[in-house]
Amino acid sequence: MNYQDFFRTELDRLRDEGNYRSFAELERHCGAFPHATCHNGPGEVTIWCSNDYLGMGQNPKVLNAMQEALTRCGAGAGGTRNISGNTWDHAMLEAELADLHGKEAALLFTSGYVSNWAALGTLASRIPDCVVLSDALNHASMIEGIRHSRARKIIWKHNDLADLEAKLAALPADQPKLIAFESVYSMDGDIAPIREICDLADKYGAMTYLDEVHAVGLYGPRGGGIADREGLMDRLTVIQGTLGKAFGVVGGYIAASAELCDFIRSFASGFIFTTALPPTVAAGAAASIRHLKTSAAERALHQKRVAQVRERLDAIGLPHIDNPSHIIPVMVGDPVKCKYISDLLLNEHGIYIQPINYPTVPKGTERLRITPSPVHTEADIDRLIDALEDLWVQCELARRPMAAQ
């Protein structure tokens with residue numbers, strides 16, 4: 001077999017389908033986000049698709065904490081947590097996270113992907129005869145963790161309580177069960193009925209595992225996520241989150257009982273055998289969490305900017321998915337056109353929005369995923385809407401009925 005020809009053929013197929021991913025080489029401007037320099041493109045650009053939802057990656061408190069930790073500790077952690085990489089900064093961050101979610105303990109991982117893979121994989125594999133009931137639209141990291149566990153998996157229809165209950169009722173009452181789901185789903189922006197899922201978990205003796213990665217920092221009086229906003233954190237067995245989105249740094253975690261976190265710490269290969277996050281990252285994340293526990297200003301302005309972008313899209317009839325979250329999926333429905341629009345936005349308008357194509361979303365639902373932030377200005381919104389209006393005309397794409405003038 002000619003391996004290089006195989007690789008080349010597969011990549012060419014992706015290009016022909018419009019699903020090949022090209023990366024912009026971005027250099028974010030410290031203190032000036034969402035502005036950046038695109039080194040393999042037009043130069044100065046405005047980023048409209050970042051998961052640094054609140055701009056906390058540029059917050060002076062976060063930067064100062066990281067600089068102080070770098071001076072105090074140096075660059076790396078020194079090893080895995082089990083050998084020589086367990087630092088004071090890690091312990092302080094886990095205490096902040098446990099407090100944020102009202103749990104006894106928290107456990108850090110190197111990413112949100114790893115935390116889902118390791119925690120779900122360990123729980124489902126080591127609890128005897130455990131069955132995982134997984135929402136149909138769960139993230140790839142959750143799916144991989146469940147698959148890795150080799151436990152029995154039952155997929156229930158997305159956010160469908162009747163289907164979930166039917167599947168729970170069909171299982172033996174004494175069989176261990178784990179319901180895995182997300183709060184905010186990242187591509188459509190819809191939100192799970194957390195209270196009702198917890199009610200079903202109580203009724204059928206199931207544990208609950210809630211992925212809050214697209215909600216932590218953004219919702220709730222202290223930024224604990226949708227479960228915080230709804231007063232439900234105490235009803236969830238495990239809350240999983242990330243430090244790489246609204247908190248602006250990198251890393252993942254779970255928050256749960258002391259025994260559950262210790263269980264994962266003791267048995268999860270994804271925790272045991274990987275180098276710990278640098279203390280600088282832990283210090284920056286802790287500063288970000290402490291700030292957002294007491295400051296609602298970022299969340300309020302964030303919601304205002306999201307509402308403004310939605311209103312402007314409605315005014316020109318651009319199709320986007322209505323949802324109660326901060327994620328605005330502008331629907332294109334064609335992979336080639338989606339990539340084309342993304343390229344033109346970047347090269348002609350200095351606006352960076354990556355196309356979202358298959359396999360991230362189903363074929364025929366290709367989209368531009370827009371994430372307004374509190375650091376976008378009204379002038380930034382004007383430029384975005386003008387550019388989208390121009391490209392929708394150029395590409396002859398479908399529109400909604402125009403909003404009443």
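The points below take up a sheet with its helix, and then a strand with its two partners.

1. The model is predicted, and the points that follow should be read with that in mind.

2. Three strands form an open sheet in the order β11-β14-β13, and their pairing is antiparallel. The edges are held by β11 (328-331) and β13 (355-356); each has a single partner strand, so one side of each is left without a neighbour in the sheet.

3. Strand β14 covers residues 367-370 and runs antiparallel to β11, to which it is joined by four bridges. Within this pairing, Pro329 stands opposite Arg369 in β14. Helix α13 (residues 335-349) packs on the sheet and touches β13 and β14. The direction of α13 makes about 45 degrees with that of β14.

4. Is strand β9 (residues 238-242) enclosed or open to the outside? Five of its five residues are buried, that is, under 20% relative accessible area, so β9 is largely enclosed by the rest of the structure. The burial applies to both faces: Val238, Gln240 and Thr242 lie on one side, Ile239 and Gly241 on the other.

5. Which strand pairs with β9 in the parallel sense? Strand β8 (residues 206-211) does, over three bridges. Here Leu210 stands opposite Ile239 of β9, and Ile239 is among the buried residues.

6. Strand β10 (residues 252-256) is joined to β9 by four bridges, and these two strands run antiparallel. Gln240, a buried residue of β9, has Ile254 in β10 as its bridge partner.

Note on methods: Residues numbered from 1 in each chain as written. Predicted model: local features only at pLDDT ≥ 70, side-chain atom pairs only at ≥ 80, totals over all residues. Heavy atoms only, no water. Pairing = 2+ DSSP bridges. Contact = heavy atoms within 4.5 Å. Axes fitted to C-alpha atoms, helices over the stretch in contact; angles between N-to-C directions. Buried < 20%, exposed > 50% of the residue type's maximum accessible area, 1.4 Å probe, protein only.
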